[in-house]
Structures are given as C-alpha cells and as structure tokens.
Amino acid sequence: QVQLVESGGGLVQPGGSLRLSCAASGSIVSINDMGWYRQAPGKQRELVATITSNGRTTYADSVKGRFAISRDNAKNTVYLQMNSLKPEDTAVYYCNADVILDLSQRQYGYWGQGTQVTVSS
C-alpha cells in the first residue's frame, strides 16, 4: 500500500534548528498536496505548512518567517526546515500526503506515524 516514513525529530535548545523529512513509498501514481501538522499534549492538531505539487506553499501564522516547507517530487519526499525554534514549537509532528493510486485519479489521504520535536533549555 502506501507508507510515509518520517525522520529528523529530536531535542534542541531554543533558537536551534531541525530539518524533518517524510518519504512516501508504495504503489503511487502521483502525489498532490503534501503537508506538516503538529499536536501538543492536550491540544488539537494544527496545520503547520502545506505545499502543492507545483510548489505553492502556505504557513500557519505562528511559524511564518521561521519554517520552510519544500518537496522533491522525484523522491516523493516532503521536508520541513525549522529555524529559530521556540519552546511552544514542542509537539508531535505528522506529515500528510494526498496520493493518486490508479487511473481513476481519485485522491487518498495518508499520514505518517509522527515524530517528536522537543525545544527546551
């Protein structure tokens, strides 16, 4: 089927940087939108950033100017570069991909397992 594999999470000090990666594999015809979401304990999941197949991006107000989303279509991979990290960025980060599986061109949403990002001194 389709699987999203994330990497790059960890523990960093305030002001530090991390780069998250998420690679999609399986019987994929193409991928439309990809994105990153995050969820802190006791809080609802929130959108962080999205990117279309042509490179159009959107960002949550809380991360504008600090985070950058990008993708490599040849590798079916989406990235999230996180700079100037703050303690309030601490959360589990999930990647998402809208995947085309066959000639019907119907779109299916898939999620990664999540990776922990902790920002603390």
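The side chain of Glu6 reaches the backbone nitrogen of Thr115 at 3.1 Å, a polar contact in the sense of a pair of N or O atoms within 3.5 Å, one able to donate a hydrogen and the other to accept it, where residues adjacent in sequence count only if both atoms are side-chain atoms. A polar atom of the Glu6 side chain also lies 2.6 Å from the backbone nitrogen of Cys95. The model is predicted, with local features requiring pLDDT of at least 70 and side-chain atom pairs counting only at pLDDT 80 or more, while totals for chains, interfaces and linings use all residues. Residues are numbered from 1 along each chain as its sequence is written, and side-chain values use heavy atoms, with hydrogens and water left out.

Glu6 belongs to strand β1 (residues 2-7), strands being DSSP runs of E of at least two residues, numbered from the N terminus. Glu6 is buried and has no salt bridge, the nearest side chain of opposite charge being that of Arg45, 10 Å away; buried means under 20% relative accessible area with a 1.4 Å probe, protein chains only, and a salt bridge requires a side-chain nitrogen of Lys or Arg within 4 Å of a carboxyl oxygen of Asp or Glu.

One disulfide is counted, defined as a pair of cysteine sulfur atoms within 2.5 Å. This disulfide is formed by Cys22 and Cys95, whose sulfur atoms are 1.9 Å apart. The pair links distant parts of the chain, with Cys22 in strand β3 (residues 18-26) and Cys95 in strand β9 (residues 91-100), 73 residues apart. Cys22 is buried at a relative accessible area of 1%, and Cys95 is likewise buried, at 0%.

Note on methods. Helices (H or I, at least four residues) and strands (E, at least two) are DSSP runs, numbered from the N terminus. Buried means under 20% relative accessible area, exposed over 50%, partly exposed in between (1.4 Å probe, protein chains only). Lys and Arg count as positive and Asp and Glu as negative; His and the chain ends are not counted.
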